[in-house]
Amino acid sequence: MTKPRTTGPKPWISLSGIGVFAVLLLAVAPLVLTDHWLNNLGKYCCWAIAAVGIGLAWGRGGMLVMGQGVFFALGAYSMAMHLTLETAGDRIPGFMVLYDPLAPLPMFWEPFRSAGFTLLAIVLLPVVMAGILGYALFKRRVKGAYFAILTQALAVALATLISSTIRETGGDTGLSDFKYFFGFVLNDPANKVMVFLIAAGLLIVCLLAVWQLYRSRFGELLVATRDAEERVRFLGYDPANVKLVAFVVSALMASIAGAMFVPIVGIITPAEIGAAASILMIAGVAFGGRASLFGPALGAMAVGWGQSSLGSTWPEGWTYILGLLFIVVILFLPNGLSSLPSRFPGRTRPKPDVPPTPAIAAAELEEVRA
Amino acid sequence: MSTISKRLRSLTAMGAIGTTVALVLAGCGARAGDEAAAGGTSAAPSCVDTSGSAVKLGFLNSLTGGMAISEKTVSNVLHMAADEINAGGGILGKKIEYVQEDGATDWPTFAEKTEKLLTQDCVAAIFGGWTSSSRKAVKPVVEKHNGLFFYPVQYEGLESSPNIYYTGATTNQQIIPAMDFLKAQGVKRLFLAGSDYVFPRTANAIIKLYAAKLGIEIVGEEYVPLDKDDWTSQVAKIVAAKPDFIFNTINGSSNVGFVKAYYDAGLKAETTPIISVSIAEEEAPAMGHEVTGQYASWNYFQSLKTPTNPKFIESWKAYPNSSGVTSDPMEAAYISLYLYKALVEAAGSFDVDAVNAAAKKNAITFDAPEGKVTLDGENHHISKPGHIGKINSSNQFDIVWASDKFIEPDPYLEGYDWFPADIRKQLVDAAG
């Protein structure tokens with residue numbers, strides 16, 4: 001293998017980046033952060049996991065997934081139903097008694113008593129749903145704004161459905177007050193650290209997974225499909241299959257993110273999965289750099305942090321700051337903050353005047369060929 | 001290519017193994033069967049420090065989002081009460097220093113900010129909230145950290161917590177008096193209209209039970225999500241059902257859409273009046289339509305003639321950013337801070353357990369604008385007078401009915417035989 005004429009970062013740079021990130025999250029953060037900020041960081045990790053998936057589908061695959069809240073909800077509500085039942089024991093959950101004292105537990109809740117079924121549902125529900133949805137859409141060559149609006153509409157529909165079925169799902173008030181997490185007492189600080197470590201560990205695993213995907217033949221095909229779908233078709237590949245895999249993986253990541261969000265935040269409501277929440281996930285990804293490896297995760301964490309800290313110090317102003325940053329990034333840094341280094345002169349990647357998306361694509365193709 | 005992917009695989013595997021090991025090592029916390037931990041005693045000890053010349057309190061309301069319009073008033077009146085108490089020497093001689101947080105009309109944010117106030121800012125108590133959903137989000141967090149939360153809005157009852165004090169009405173102080181009033185008016189056919197969330201759903205479940213006992217027929221029940229304003233099709237059903245009265249448990253700006261659809265459909269206060277439990281002095285002029293002649297059930301009205309009410313109204317009108325009118329939820333918020341002051345002074349300490357013990361031992365009272373209220377140390381609610389007001393042309397309420405004495409709080413409706421004992425038991429068990 002000859003030394004590649006690469007313009008992207010060398011593989012060991014990305015890998016050591018993930019390594020440093022892993023050490024920071026898994027070893028340093030639990031030691032230096034207070035319980036409150038560690039818990040917040042756990043929440044940002046969940047958003048980052050969903051963001052990594054969006055980076056794959058949107059950044060690399062060109063599919064603007066505006067309804068990741070749907071898959072986030074599948075994971076989150078599966079987990080929340082299990083934790084609610086675990087807390088209630090053999091009784092009917094308190095909120096159901098409140099709304100209709102005499103009715104039994106809804107049928108679809110029953111299987112979530114089982115921890116195994118719940119874990120399986122968190123993985124399989126998004127895969128099956130995204131599989132069917134993606135197959136129907138991509139085979140019909142639905143793309144661009146149509147795809148984006150469709151996914152967004154699904155998120156709105158699901159949030160409305162949950163809001164209007166208060167006895168079955170907790171409605172607008174949501175599900176909360178979980179005492180146990182698979183047999184562990186959630187109030188115990190040691191267990192909170194464990195839950196954080198699971199979320200952070202899953203984020204690292206997701207980063208490793210997309211890193212590998214990006215470098216594989218599949219990653220190459222995905223970028224090619226994004227940039228010239230027709231050519232890929234002429235070459236004898238079916239772009240629908242390529243997009244389907246990326247879409248399903250991103251849905252799975254959103255579901256995992258939702259599942260971890262529940263024990264960390266302690267409550268799930270339709271507001272966390274609807275249109276606004278889905279768009280906020282996209283905002284973080286765009287902010288950080290949708291096509292890069294770390295951009296989506298770091299962008300999502302930055303937005304989460306901004307919400308917690310700026311939302312406290314300047315509640316009325318924080319959304320304006322977010323909006324302004326979003327506009328600035330879209331106008332001047334279409335590839336997000338992670339493309340900043342390449343814009344400094346004197347670096348090895350001089351290409352400020354090349355149209356941004358193909359440039360990235362080309363760079364990535366080069367990298368993949370290594 | 002092949003060597004790299006091999007290395008990749010091993011690296012990924014190593015990452016996964018490393019993560020698993022870290023998790024197993026971390027998983028040393030309490031298990032479900034662990035009796036000591038199940039009591040919640042494993043939570044970190046309180047970091048509240050009141051040794052200085054000030055006491056830190058947390059104020060938590062939605063300053064942004066859909067509920068901001070209502071909750072900002074509660075937040076403002078808490079600031080006013082804090083200023084008044086500070087001018088009078090503070091609590092146990094310590095000045096109140098407050099940390100204001102925004103719940104952003106988002107229930108998980110309420111939970112997050114509660115945790116921040118208790119563990120980062122180390123406040124001695126938290127005041128605020130409005131929707132029952134926000135209270136339900138705060139409840140597990142204050143219970144986990146053994147904090148204190150003072151909740152100032154009328155709600156659906158059927159709840160109690162050692163870590164929450166409720167200064168708004170529970171059902172037997174607002175809903176049940178309203179039903180008694182309707183019975184006295186000779187109402188036979190009642191229609192229930194509410195927002196689709198915990199308060200209206202629960203309130204209506206109770207209303208239906210009591211209506212059966214009173215012999216009032218419920219001729220329909222309709223819900224619209226909190227953030228939706230279109231009531232046209234639901235009001236059409238009201239017109240078709242021909243009720244004598246409409247019981248309105250709609251909250252927030254959705255009321256505007258309801259009132260519009262109501263008058264557009266030709267309904268009138270003279271023939272099909274509305275009785276509301278969330279339209280007060282502040283909301284009445286904001287309905288976008290004349291609502292003269294409609295009713296509301298509250299404990300406090302600005303028009304009440306009590307010894308302390310004129311001073312309260314005057315202070316509020318003079319306060320910066322004030323809306324100029326006083327209302328029940330803000331009066332209850334005002335009570336909450338003074339009640340806390342009385343509790344701490346009775347306990348001689350800011351410690352949560354000491355405060356709760358003082359609540360049980362003494363009859364804590366406060367000369368509130370609604371009258372002299374007494375705290376029930378067992379269920380953490382306060383006694384209140386019941387009032388029904390009728391909106392006049394200046395958007396104030398003329399009192400048309402008043403309870404003959406202060407109504408003792410009974411959140412689980414234990415004194416009402418029409419409320420099924422088995423349901424009460426289920427609810428108490430689920431809460432415990």
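Tutor: A disulfide is a pair of cysteine sulfur atoms within 2.5 Å. Please keep in mind that the model is predicted.

Student: How do you know that A:Cys206 is too far from the closest cysteine sulfur for a bond?

Tutor: The closest cysteine sulfur to that of A:Cys206 belongs to A:Cys46, at 11 Å. The limit for a disulfide is 2.5 Å, so the sulfur of A:Cys206 is too far away for a bond.

Student: What makes A:Cys206 count as buried or exposed?

Tutor: Buried means under 20% relative accessible area. A:Cys206 has 5% relative accessibility and therefore counts as buried.

Student: How far is the sulfur of A:Cys45 from the closest cysteine sulfur?

Tutor: The distance is 7.0 Å, to the sulfur of A:Cys46, which is too far for a bond. A:Cys45 is also buried, its relative accessible area being 0%.

Student: Which residues does a disulfide join?

Tutor: B:Cys47 and B:Cys122 are joined, with an S to S distance of 2.0 Å. The structure holds 1 disulfide over all chains.

Student: What does the pair tie together?

Tutor: B:Cys47 lies in the loop between helix 2 (35-38) and strand 1 (54-61) of chain B, while B:Cys122 lies in the loop between helix 4 (107-119) and strand 3 (126-128) of chain B; the pair therefore ties together parts that are 75 residues apart in sequence. The link of B:Cys47 and B:Cys122 is left-handed, with -105° about the S-S bond.

Student: How do you know that the span of helix 3 of chain A agrees with its number of residues?

Tutor: The expected span is 1.5 Å times one less than the number of residues. For the 21 residues of helix 3 (residues 68-88) of chain A this gives 30 Å, and the end C-alpha atoms are 30 Å apart, so the two agree.

Student: What makes the contact of B:Glu112 and A:Lys43 a salt bridge?

Tutor: The rule asks for a side-chain nitrogen of Lys or Arg within 4 Å of a carboxyl oxygen of Asp or Glu. The N to O distance between the side chains of B:Glu112 and A:Lys43 is 2.4 Å, so the pair qualifies under the 4 Å limit. The rule finds 1 salt bridge across the interface of chain A and chain B.

Student: How much area do chain A and chain B bury between them?

Tutor: They bury about 4900 Å², with 62% of it on carbon and sulfur atoms. In chain A, the residues that lose the most area to chain B are A:His36, A:Leu98 and A:Asn187, together 13% of what that side buries. The contact involves 52 residues of chain A and 54 residues of chain B.

Key: Residues numbered from 1 in each chain as written. Chains lettered and ligands numbered in written order. Predicted model: local features only at pLDDT ≥ 70, side-chain atom pairs only at ≥ 80, totals over all residues. Heavy atoms only, no water. Helix = DSSP H or I, 4+ residues; strand = E, 2+ residues; numbered from the N terminus. Buried < 20%, exposed > 50% of the residue type's maximum accessible area, 1.4 Å probe, protein only. Contact = heavy atoms within 4.5 Å. Buried area = accessible area lost by both parts, 1.4 Å probe.
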